[in-house]
Each structure stands twice: as C-alpha cells, then as structure tokens.
Amino acid sequence: MEVISSLIRVTLPNYLKNLPVPASIMGIARLSGSEWLQLLPFVGMISLLSYVTYQAFRSKPPPKDSCVNLKIQKESSKVVNMVDIEELGDKVSYCRCWRSKKFPICDGSHNKHNEETGDNVGPLVLKRKEPLSATK
Ligand code: FES
C-alpha cells in the first residue's frame, strides 16, 4: 500500500510537474522534438483512457442473439404465416418462442428454451368453444 501511496502522492505529481505542457494553444507549435517525446506517454495514456471510457458508455448495437427469431426463414425479410380459419380444427397451438421445428405450430420446444434461459414463453392456443363435430 505504501508503494501505491508514494506513487500517487510523490511520483505522479513530480512526473506531471515536469511535463512540458504549453501555457497556450500556440505554445504547442513551439514544443521541441524532445518535449514531444516527453509528452508522448502522457498523451497516449490520456487517449487510451478516453477511448476505453468512450467504448464503455457508447450505445452498442444489440447482440445477434437478442433476435427473437434465430433460425426460421432467415432468408426472408419478414416471416408471415397465413392459415385458413376454416382449417384450424378444434384446437391448435401456435409457436410464440420461435424455436419450434414445426413453426408456426408449437412442438413444445418452448419448454427447453424456458429451462435454458429462464424465459416464460408459451404458445398461442386457439380453441373452439364447441368442437366442429358438434356444429355439424
Ligand atoms: S414451441 Fe414455440 S411456443 Fe411452443
């Protein structure tokens, strides 16, 4: 701890005090080559800290795995499924997790997805109040 304290209280102030920092913008042009070399590590460190800080706080694009649809019809710009309402039958479950191998029909893959990710997605279940056989 004493080494760090000495570094911060003695070495760093002495180093900064001896840097040939010009008093004005025009003074930059008057710096000699050796003064530039003396400034180089300091300017490099400030640039590195600025870059690291910028990278930490800049808005990043969402990671690829934040997409809901990871593999279904990725060649299409939009996945749209049309179903004739007359062909629905008495009950059908549509996938909302985008993991079904029978997409757009739910095959239960949401259970594995939920276990692996802690998610809670499930299918959209369409069900007739009365079975079709009862209405005929
Ligand atoms: S498989 Fe996707 S909701 Fe069931």
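A: Start with Phe-103. Phe-103 is buried, because its relative accessible area is 16% and buried means under 20% (exposed is over 50%, partly exposed in between; 1.4 Å probe, protein chains only). The model is predicted, so local features need pLDDT of at least 70 and side-chain atom pairs pLDDT 80 or more, while totals for chains, interfaces and linings use all residues. Residues are numbered from 1 along each chain as its sequence is written, and side-chain values use heavy atoms, without hydrogens and water.

Phe-103 belongs to the largest nonpolar core. Its five residues are Ile-72, Val-79, Cys-95, Cys-97 and Phe-103. Such a core is a set of buried Ala, Val, Leu, Ile, Met, Phe, Trp, Tyr and Cys residues joined through side-chain atoms within 4.5 Å.

There is one aromatic pair. The ring centres of Trp-98 and Phe-103 lie 4.6 Å apart with planes at 25°, so the pair is stacked. For rings of Phe, Tyr and Trp (its six-membered ring), the limits are centres within 6.5 Å, with planes under 30 degrees apart for stacked, over 60 for edge-to-face and the rest tilted.

Now the backbone. A cis peptide bond joins Phe-103 to Pro-104, with omega about 15°. Pro-104 sits in the loop between strand E1 (91-94) and H4. Trp-98 is in the loop between E1 and H4 too. The phi of Trp-98 is positive, near 65°, though the residue is not glycine. Helices (H or I, at least four residues) and strands (E, at least two) are DSSP runs, numbered from the N terminus.

Leaving aside neighbours within four places in sequence, Cys-97 is in contact (heavy atoms within 4.5 Å) with Val-68, Ser-109, His-110 and Val-121. Ser-109 lies in helix H4 (residues 109-117). Ser-109 is buried, with a relative accessible area of 15%. A polar contact of 2.6 Å links its side chain to that of Asp-107. This term covers N or O atoms within 3.5 Å; within protein, one must be able to donate a hydrogen and the other to accept it, and residues adjacent in sequence count only through two side-chain atoms.

Ser-109, His-110, His-113 and Asn-114 are its buried residues. They span an arc of only 135° around the axis, which puts them on the same side of H4; the arc is that of the directions from the helix axis to the C-beta atoms. On the other side, Lys-112, Glu-115 and Glu-116 are exposed.
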